[in-house]
Amino acid sequence: MTNTNTEYERQKQKKAAREAEMSRTRRKKVFKKVGYWIAGLAVLIGGVWLLVVLVSNAGPKGPDYSQVIPVLGRNHIPDGSTASYNSSPPTSGDHYANPALARFYDKELPDEQIVHNLEHGHVWIAYKPGLSQETIKALRKLSGGNVITAPRSKNDTDIALAAWGRLDKFNLENGRLDAERVKDFISRYQNKGPEK
């Protein structure tokens with residue numbers, strides 16, 4: 001009988017050890033899953049926070065000085081011909097079939113060519129020739145992407161910002177460019193043309 005009791009006790013201990021090991025394994029799996037959930041939740045919260053920060057810092061910071069300009073037609077006209085516009089510089093209307101590359105230019109381009117850029121959602125920074133090299137350097141930094149910058153002798157102000165149906169014109173204050181005003185206009189009105 002002692003052998004049977006001893007064998008029975010040994011089997012009982014083995015069974016208890018197996019059950020304890022299975023219980024530890026289950027707890028480890030549960031803790032591992034909980035850890036993954038916590039890590040995933042932390043990443044999600046961090047991503048949402050980053051998105052909120054980026055969105056809140058991405059928009060315009062100052063007032064909108066631009067005015068609405070009634071939109072004219074969108075017909076293509078032959079290169080070299082001229083069109084009539086309702087603003088200077090124009091913000092919509094008939095234009096050449098080929099837009100200009102969105103970049104900085106140090107020579108004038110025809111209004112009829114750049115209007116095509118506006119139709120595609122670009123912003124046009126038209127500057128009066130003869131501005132300081134410091135101002136031109138600052139304008140160059142704002143060019144590219146969806147922004148085309150070029151001198152325009154027909155400007156009646158130092159700077160004119162044009163987008164499809166929007167126009168903001170101003171003179172430099174103390175010879176200095178209000179870069180934030182330009183950036184705000186770009187932020188508000190790029191990609192707003194009818195052919196984005």
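Where is the place of Pro89? Select Pro89 and you will land in the loop between β2 (76–77) and β3 (95–96). Keep in mind as you go that this is a predicted model.

**Stop 1: the cis peptide**

The peptide bond that joins Ser88 and Pro89 is cis, with omega at about 0°. It deserves a look, as most peptide bonds are trans.

**Stop 2**

Next, select residues 159–163, which make up strand β6. Is this strand enclosed or open? All of it is tucked away: 5 of the 5 residues are buried, so β6 is largely enclosed by the rest of the structure. Show the side chains and follow their directions. Ile159, Leu161 and Ala163 point one way, while Ala160 and Ala162 point the other way. Both sets are buried.

Now bring in the strands that pair with β6. Strand β4 (residues 123–127) runs antiparallel to β6, and 4 bridges join the two. On another pairing, β6 meets β7 in the antiparallel sense, over 5 bridges.

β6 and β7 form a hairpin, with 2 residues between them. Pick out Gly165 in this turn, where phi is positive at about 80°.

**Stop 3: two asparagines with positive phi**

Which residue other than glycine has a phi near 55°? That is Asn174, and to find it, go to the loop between β7 (166–170) and α4 (179–189). Asn174 counts as exposed because its relative accessibility is 78%, and exposed means over 50%.

Then select Asn191, in the segment after α4. Asn191 also has a positive phi, near 65°. With 35% relative accessibility, Asn191 counts as partly exposed.

**Stop 4: Thr135 in helix α3**

Select helix α3 (residues 133–141) and zoom in on Thr135, which is found there. Is Thr135 buried or exposed? Thr135 is buried, because its relative accessible area is 3% and the cut-off for buried is under 20%.

Look around the residue next. The side chain of Thr135 makes a polar contact with the side chain of Ser132, at 2.9 Å. Leaving aside neighbours within four places in sequence, Thr135 is in contact with Leu172, Gly175 and Leu177.

**Stop 5: the cavity**

How many cavities of 30 Å³ or more does a search of the whole structure find? The search finds 1. About 40 Å³ of space lies in the largest cavity.

To display its lining, select these residues:

- Pro63, Asp64, Tyr65 and Ser66, which are among the lining residues
- Asp168, also part of the lining
- Arg181, Asp184, Phe185 and Arg188, which line the cavity too

Which element gives the most to this lining? Helix α4 does, with 4 residues. Colour the lining by residue type and you will see 3 nonpolar, 1 polar and 5 charged residues.

Terms used:
Residues are numbered from 1 along each chain as its sequence is written. This is a predicted model: local features need pLDDT of at least 70, side-chain atom pairs count only at pLDDT 80 or more; totals for chains, interfaces and linings use all residues. Side-chain values use heavy atoms; hydrogens and water are left out. Buried means under 20% relative accessible area, exposed over 50%, partly exposed in between (1.4 Å probe, protein chains only). On a 1 Å grid over the protein atoms alone, a cavity is a set of points where a 1.4 Å probe fits but cannot get out, and a pocket is an open set with protein on both sides within 12 Å along at least five of seven lines; lining residues have an atom within 4 Å of a point. Grid points are joined across faces, edges and corners, and a volume is the space filled by probe spheres set on the points. Ala, Val, Leu, Ile, Met, Phe, Trp, Tyr, Cys and Pro count as nonpolar, Asp, Glu, Lys and Arg as charged, and the others, Gly among them, as polar. A polar contact is a pair of N or O atoms within 3.5 Å; within protein, one must be able to donate a hydrogen and the other to accept it, and residues adjacent in sequence count only if both atoms are side-chain atoms. Contact means heavy atoms within 4.5 Å. Two strands pair if DSSP finds at least two bridges between them.
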